[in-house]
Amino acid sequence: MFLTITLALVTLLVYAVIQYYRYVARYPKGETPLPFIGNYGELDFVRQHVGFERLSKKFNGVTTVFTPSPIVHLRDFEVIKEAFIDKGDDFIGRPQNKLFEFFSFAPNGGVINSVGDNWREQRRAALSILRDFGMGKNVQETLVQSAVADMIEYLEEMDDKSKVDLHWPIQVMVVNVINEIMFGFRHKYSASGPLLKFLIARVFASKLMFIGMSFPFLIDIPFIGWHVQQFVVDNIHRALDNYSTDEEPSCFAQAYKQRMITNKNLDEPNLYACSSDFFLAGVETTTLRWAMLFMARYQDVQERLRCEIHTVVGINRLPSLNDQNNLPYTRACVLEVQRFGNVLSNNVYRETGQSIPAGTMVNADIHHVMAHDPLFVEPEKFAPDRYISEDGKTLKKDLIDRTIPFSIGKRACAGESLAKVELILCLASMVQHYRILPCEGDVIDLEPIALGMLRPKDQNVRLEKAF
Ligand code: HEM
């Protein structure tokens, strides 16, 4: 009897293992996973991209890592282009997770995590509203310039500039831009207590997001995520409380509410979800924080950048987008900041429609492309010069094409144009006004804190007036 049971169990196990490897064989080749747990033991849970890099190294182009769920990594620029552009419609989904539902205010709500027709409708409507409010146009530039001017005024008023943590001033500046677009008002530096509370909760929430990807039930603990949501809800109420849809809208939330009358795809839950998606994505400052630290660390780059800005723009006005054509080194610096300081070690995952097989999670590994594509010579060096052609003026298109921090295709970042304006105007204005230096005796630490995103460690810099 015992022998029969053991034999049956062994047969069952052998059958299950054979089935498992049949299942594995349906996916692009990768490091051989162990039965059932996949490559779990070889993952790096804190520096996820390091684990993925280790497991994918031998497989150029396309590889699968079993976490134990299969995630297909597209690691080559041409392969990502083929998937996200040539076969774009088949790579347009997002994996669904209870966690996303919580942050989306509604099942399949908003833009970042929604799929299918609702994603299409919400993205189209949101971008159309944002265009009405000047996204990609001069209005947006004026808004960013004015938020940057406020930030510089705040820095000017600091008595002691020998130890400045730029995290907070940059954060308020960036929040004010997106806040004004989404909800029609700004925060004052001097009265930003609630904002600070929200930002602290947001950092916890992003940690929770990270853990929640593996353990979604944690989201049911109604604490941290609630804080983040409540801040967004309060902002929406402030924008809508005294608004009547007969009036001309003055911000995203009001315009969305007004369009709900004529567009049946727009409703209250999606108003909250879209506002939350754009606001939360739009308050991210990590790239600008990296930019300041790179300037402090690479003084030769900063000096050359300042020289270009002072020559072209002078010191009596802030840099504007019209200056861009005459600022090739500044543009090259922004590209190199985004390449070298890429903040999304894993892209936002997509899900396939029909291919690879259907319903597979896909990571277009933009981090790998920007850190290893052979067109970037000595990619481990911070060298804005790499982008500048021999004529000293034009930028190299093939390198720009491979600088893809916003990803590519129909589902690429919906805030790209705003983020680019913030990056160039903030970096150029800061370097125009200040020498950004390490504090006395300090060495700038560029080792990232990796937890979902690659963030710089909080550290002070010394600001010296540059004119
Ligand atoms: C330097 C700053 C930023 C970076 C590096 C960045 C990067 C990205 C990336 C890689 C994606 C995923 C795209 C894909 O699935 O292929 C994304 C999506 C998105 N981003 Fe950004 N982003 C930035 C700033 C912003 C800002 C300022 C906003 C809002 C104004 C924003 C709004 C969004 C939205 C709504 C999506 C979801 C798009 C969709 O699923 O259709 N992002 N972003």
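The chain folds into 17 helices and eight strands, where helices (H or I, at least four residues) and strands (E, at least two) are DSSP runs numbered from the N terminus. Its radius of gyration, taken over C-alpha atoms, is 24 Å, close to the 23 Å that the globule rule gives for 467 residues, so the chain is as compact as a globular protein of that length. The globule rule is 2.2 Å times the number of residues to the power 0.38. This is a predicted model, in which local features need pLDDT of at least 70 and side-chain atom pairs count only at pLDDT 80 or more, while totals for chains, interfaces and linings use all residues. Residues are numbered from 1 along each chain as its sequence is written.

Along its principal axes the C-alpha trace spans about 90 × 55 × 40 Å. Of the 467 residues, 39% are buried; that is, 20 or more other C-beta atoms, placed from the backbone, lie within 10 Å of the residue's own, against 12 or fewer for exposed and anything in between for partly exposed. Among contacts (C-beta atoms within 7 Å) with a separation of 6 or more, 68% join residues 24 or more positions apart.

The interior can be followed through its nonpolar cores, which are sets of buried Ala, Val, Leu, Ile, Met, Phe, Trp, Tyr and Cys residues joined through C-beta atoms within 7 Å. The largest has 82 residues, and those touching the most other members are Met173, Met182, Phe252, Ala253, Ala291, Met292 and Leu427. Helix α7 (residues 167-183) gives this core its largest share, ten residues. Beyond its neighbours within four places in sequence, Phe252 contacts Ile129, Leu130, Phe133, Ile181, Met182 and Ser275. Another core, of 21 residues, lies apart from the largest one and includes Phe52, Val62, Phe66 and Phe91.

Next comes the ligand. It is surrounded by 25 residues, the closest being Ala281, Gly282, Ser407, Cys413 and Gly415; a residue is counted if its C-beta atom lies within 6 Å of the ligand. Helices α11 (268-282) and α17 (416-433) each supply at least two residues of this shell, and α11 provides the largest share, four. The shell divides into 15 nonpolar, five polar and five charged residues.

Cys413 sits in the loop between α16 (397-402) and α17. With 18 C-beta neighbours inside 10 Å, Cys413 counts as partly exposed. Leaving out residues up to four places away in sequence, Cys413 touches Phe406 and Ser407. The unreviewed UniProt entry annotates Cys413 as "binding site", though such annotations may be inferred rather than shown by experiment.

Notes:
Contact = placed C-beta atoms within 7 Å. Nonpolar A, V, L, I, M, F, W, Y, C, P; charged D, E, K, R; others polar.
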